[in-house]
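Please load the sequence and the coordinates first.

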Amino acid sequence: MTDIAIPLIEGSPEAGAQQARAALGRLRAEVAKVVVGQDAVVTGMVIALLARGHVLLEGVPGVAKTLLVRTIAAALDLDSKRVQFTPDLMPGDVTGSLIFDARSAEFQFREGPVFTNLLLADEVNRTPPKTQASLLEVMEERQVSVEGRPRALPEPFLVAATQNPIEYEGTYPLPEAQLDRFLLKLTVPLPTRDEELGVLRAHHQGFDPRRLREAGVQAVATAADLAAGRAAVLRVSVADGVLAYIVDLCRATRVSPSLELGASPRGATALLAASKAWAWLTGREYVTPDDVKALARPTLRHRVRLRAEAELEGVTTDAVLDSVLATVPTPR
């Protein structure tokens with residue numbers, strides 16, 4: 001019996017999913033117009049948006065983390081805001097607060113910067129735990145509660161938090177419970193020599209990072225494309241063997257001699273969600289073990305903690321995860 005090709009009906013979920021995949025595929029090329037050499041980070045951000053997760057960006061100052069988030073927002077036609085986290089930042093400065101209106105003699109809620117689509121939480125580890133905790137409800141529940149009244153955030157919503165991996169003086173390390181709320185931890189690398197030359201040439205020719213439209217960045221995808229993509233990701237199938245592989249990887253981190261804290265069950269569900277989003281982005285309706293391997297490091301590196309003796313020996317989290325990936329049998 002031969003397979004019969006069924007044409008896609010315009011407006012059907014399948015057609016919408018294909019259009020969304022094509023639009024999100026154009027996103028990387030659009031961002032590359034102004035952000036050089038960060039294709040993997042852009043892909044990670046798209047995966048997080050599809051999986052309704054958040055991203056922790058780690059990189060030294062000056063590698064265009066802020067520009068990256070602003071450009072992705074522009075290419076998706078989404079609103080974005082930036083908060084510079086400082087030691088004197090208060091929770092209300094992030095979420096919003098009640099302000100007394102003398103004309104109406106009532107308290108009015110003034111929305112904070114979290115009421116946006118893409119929130120850049122710059123140097124999130126430079127603010128005290130009380131303010132860091134104000135992001136927990138925002139990230140998990142996607143709402144802000146003031147005086148017992150919940151206020152929903154816009155959709156889509158993503159927190160992209162940055163931290164400097166070099167300078168730790170005057171910082172407040174994020175607690176494990178908050179780190180676990182980030183779907184991915186992405187490393188923003190320094191550009192290669194040729195990429196850095198390209199950056200200099202662009203600035204020499206008048207590129208202004210504050211004027212993205214003048215640089216040619218256009219909206220190539222929309223919130224509707226993200227919604228169609230999210231619906232399609234939910235339909236991606238996962239074989240029992242691949243589910244067991246995800247569980248075995250996470251359980252292996254809990255018994256690793258180099259780790260004092262392994263990945264939690266939330267880490268396993270995060271790896272599943274990220275793998276499904278990546279599989280769909282690459283044009284498949286099912287997850288393979290290679291999809292899981294590709295997302296294991298960014299999904300788990302911030303959910304595990306090295307033993308002190310391992311750190312002294314120069315062992316890195318990614319090296320431990322590489323060892324786990326090499327030792328856990330891959331399903332066929």
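In which strand is the place of Phe107? Phe107 lies in strand β4, residues 106–111. Strands are DSSP runs (E, at least two residues), numbered from the N terminus.

The model is predicted: local features need pLDDT of at least 70, side-chain atom pairs count only at pLDDT 80 or more, and totals for chains, interfaces and linings use all residues. Residues are numbered from 1 along each chain as its sequence is written, and side-chain values use heavy atoms, without hydrogens and water.

Phe107 counts as exposed because its relative accessibility is 56%. The cut-offs are over 50% for exposed, under 20% for buried, and partly exposed in between (1.4 Å probe, protein chains only). Beyond neighbours within four places in sequence, Phe107 contacts Leu98, Ile99 and Phe100. Contact means heavy atoms within 4.5 Å.

**Sheet.** Five strands form an open, parallel sheet in the order β2-β5-β8-β1-β9. Strands pair if DSSP finds at least two bridges between them. The edge strands pair on one side only:

| Edge strand | Residues |
|---|---|
| β2 | 80–84 |
| β9 | 184–187 |

Four bridges join β1 (residues 55–58) to β9 in parallel. Glu58 has Thr187 in β9 as its bridge partner.

**Cores.** A nonpolar core is a set of buried Ala, Val, Leu, Ile, Met, Phe, Trp, Tyr and Cys residues joined through side-chain atoms within 4.5 Å. The largest has 74 residues; Leu24, Leu50, Leu76 and Trp280 have the most contacts inside it. A second, separate core of 23 residues includes Leu56, Val83, Phe109 and Val159.
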